[in-house]
Amino acid sequence: MAEPIDVGAEYGSAVDDYLTRAYDGDRCRALLSAGGWDAGLAAELAELGWHGLAVPERHGGLGAPLSSLGPVFTALGRHLAVGPMLENTLLPAVLHPHWTIAPALAAAVETGVPVALVDPGITDDRTADVGAMTLHDQRLSGAVEAVRFAGQASLLAVVAATEAGEVVCFVDPTTPGVRIDSVDSADPATAFARVALDDVRADGAAPADGGELVARIRSWARLLIACELSGVADHALDRTVTYIGQREQFGQPIGSFQAVKHIAADMYAQATGLRNLCTASLADATDASTADLAVLAWTAKAHAAEVAVRVCEDAVQLHGGMGFTTESDVSACYLRTLALRSWYGDATELQLRIGAALLDRV
Amino acid sequence: MTVQPPSAPTESLDAFRTRARAWLAAADIPEVPRDIDSRFATLRQWQKTLFEAGWVGIAWSKQAGGQGLSHLHHLVFVGELARAGAPQPIGLIGLEVVGPSIDRYGTDWQRHELLPRLLSGDDIWCQGFSEPNAGSDLASLRTRAVADGDEFLVSGQKIWTSWAHLSHWCALLVRTDTSVRKQAGISYLLVDMTSPGITTRPITQMTGDREFCEVFFDDVRVPRANLLGGVNEGWAIATHTLGSERAGATLRRRVECEVALDEALDHLRAARGSSSDDRATAAVGRAHVAMRVLDAQTRQTTARLVADTGPTPMDSVDKLLLTDVEQIVFAEIAALLGPLRAVPGARARGLLSQRWAYEHLYSRAASIYGGSSQIQRTIIAERLMGLPRG
């Protein structure tokens with residue numbers, strides 16, 4: 001059994017402190033209705049060095065293990081932070097051997113201008129709706145309907161299918177044949193674009209490795225999104241506890257009614273369970289093989305998708321009519337959660353993957 | 001419980017696990033009979049075997065007749081028992097609830113007279129707490145004990161008392177004062193089950209088991225020397241022990257669920273061969289996620305147990321999540337039985353119908369016993385979240 005330590009907890013509390021000071025309140029609320037992207041905030045976080053946490057020291061980062069990003073994402077979730085933190089912290093760290101062929105990875109860390117991950121593998125379910133990308137003779141073709149922050153990116157990291165498995169290729173978004181169309185976003189914290197590549201020459205590619213690198217990126221994306229969802233659920237819970245302790249009906253706080261109290265207690269237990277699952281998954285992820293890491297990440301993400309949605313739905317319910325409006329934070333929590341729920345798989349999709357992996361295991 | 005002197009070197013958990021595994025590999029592990037009387041006899045003998053080999057009372061102090069090791073050692077052994085397919089000792093009520101109370105609150109006579117036989121399985125204990133009208137509201141219990149010279153005269157009725165008809169002793173909560181707050185008028189008696197005036201009636205559970213009983217006390221004479229703690233101090237003793245054993249019970253149940261899920265997986269794999277089975281795949285996925293949630297949660301429980309924090313309202317979060325998980329896991333597995341669930345001797349997808357139907361039914365009790373889920377939610381809301389009392 002791994003040690004029950006909270007890897008990276010100190011980074012999490014630093015992020016928490018900063019966002020409490022410099023982000024919460026009006027600024028957060030304004031950004032949540034600004035299309036999911038704010039160049040100023042991205043630059044500010046880069047300036048703070050947040051994007052380099054897991055980047056090796058020889059590249060100017062802090063060299064922390066990827067698992068230490070977990071508490072950071074929990075904190076980002078708790079403050080409903082807007083922007084490409086996933087892309088800007090995870091991709092430069094995982095792809096650091098390729099910084100020479102893709103210098104924009106370094107720029108993302110320093111300036112906050114995002115790298116976009118063009119990945120048709122954000123779901124297994126009805127993949128035809130999402131799109132596909134293929135690589136032949138160093139040339140990329142295909143389209144992906146929803147790519148986070150592609151419209152703002154200085155580099156596209158494209159996951160493409162080859163005969164030797166999926167690989168990551170790098171493309172400058174200004175290359176002829178690249179078409180990026182910004183699309184509306186229903187996620188208050190993310191900007192989306194459609195990306196189409198028409199016989200575009202890749203500027204470079206990570207070596208074919210049977211899909212190992214792609215699997216690793218997706219696993220860590222799932223783990224970090226699970227952490228972020230846990231943070232969002234915590235936020236929705238906190239707001240709800242405050243609200244039902246103050247809001248009075250029938251001459252008393254509604255939190256004194258058992259019908260309300262028991263829903264809130266379930267939210268508390270579920271949010272606690274999710275937080276502990278994230279902590280345990282991060283601790284176990286550090287030494288896990290690619291296959292074990294995948295199962296860990298599917299598991300954490302599956303549970304996060306289910307629990308965060310349930311907690312936010314209860315939060316909206318307990319806020320009554322106010323919960324249904326954009327004037328309450330819990331509505332933003334819910335919208336954010338619904339967007340992240342299916343990003344790299346919801347519970348239904350991932351449970352099938354987990355089940356298949358376990359039943360195939362000898 | 002008494003802390004062992006710091007000079008004694010404690011066996012490492014790994015060494016302990018290796019020793020336990022080796023012993024269990026060589027042990028004659030009994031088949032558990034279905035018939036309730038022979039099951040009781042077999043499991044009692046098994047406790048004796050375990051006791052003689054030094055595997056009972058692992059975390060009890062040596063003074064109390066235990067092994068003087070930690071709770072973690074105890075949990076390692078619980079896990080090894082489950083993995084070896086071996087039953088737990090029959091006297092869990094004695095070992096987990098009553099014994100620690102006697103050790104902590106008992107007189108010298110009570111400790112010396114009762115604890116050795118409780119450990120060895122010579123005496124099996126039952127717990128006379130709940131009553132027909134005192135379930136979740138346990139403190140409203142009405143079984144009366146009236147002082148009469150050197151004795152108490154006890155009259156009343158208990159229910160949900162596991163193994164009462166076969167037990168030797170009963171830990172009994174009785175009302176000794178009706179004029180005070182209900183919690184302040186309760187005493188804790190240690191009652192010899194052979195005393196005249198006690199009758200037991202087993203109740204059949206929906207699992208088919210008949211271990212629960214009703215117990216009737218009709219002017220039963222209990223010596224004053226059998227009072228645990230002082231008069232009217234019973235509530236504090238009962239709640240302290242119930243609370244402090246909850247963490248251990250959660251961890252034990254986790255291991256049992258884990259082992260059961262692994263076993264179901266083995267059957268499913270063997271029966272599946274190379275064909276795909278979406279229903280089973282989804283069920284296994286969902287059960288695995290649930291088990292991992294419990295695993296993660298119980299790491300915190302273990303940390304609390306090691307730090308010896310004592311009972312906390314966090315135990316209620318554990319209980320609620322444990323209940324949730326075990327009900328999900330066994331519901332998912334049992335659903336794979338399909339229509340063959342109704343045929344106990346049949347196999348579906350390699351799963352023996354009666355075995356998994358039993359587990360599923362048993363899991364439904366989890367949200368009722370040991371403080372119902374509704375009680376846990378109230379504790380969480382009021383003590384952890386600070387919501388106003390209704």
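Author: Let's start with a term: a residue is buried if 20 or more other C-beta atoms, placed from the backbone, lie within 10 Å of its own, exposed at 12 or fewer, and partly exposed in between. By that count, 45% of the 390 residues of chain B are buried. Keep in mind that this is a predicted model, where local features need pLDDT of at least 70 and side-chain atom pairs count only at pLDDT 80 or more, while totals for chains, interfaces and linings use all residues. Residues are numbered from 1 along each chain as its sequence is written, and chains are lettered from A and ligands numbered from 1 in the order in which they are written.

Chain B holds 10 helices and 10 strands (DSSP runs numbered from the N terminus: H or I of at least four residues, E of at least two). Its radius of gyration, taken over C-alpha atoms, is 22 Å, close to the 21 Å from the globule rule, so chain B is as compact as a globular protein of that length. (The rule is 2.2 Å times the number of residues to the power 0.38.) Its C-alpha atoms fill a box of roughly 75 × 50 × 45 Å along the principal axes.

Now contacts, meaning C-beta atoms, placed from the backbone, within 7 Å. Among those in chain B between residues at least 6 apart in sequence, 70% join residues at least 24 apart.

Key
Contact = placed C-beta atoms within 7 Å.
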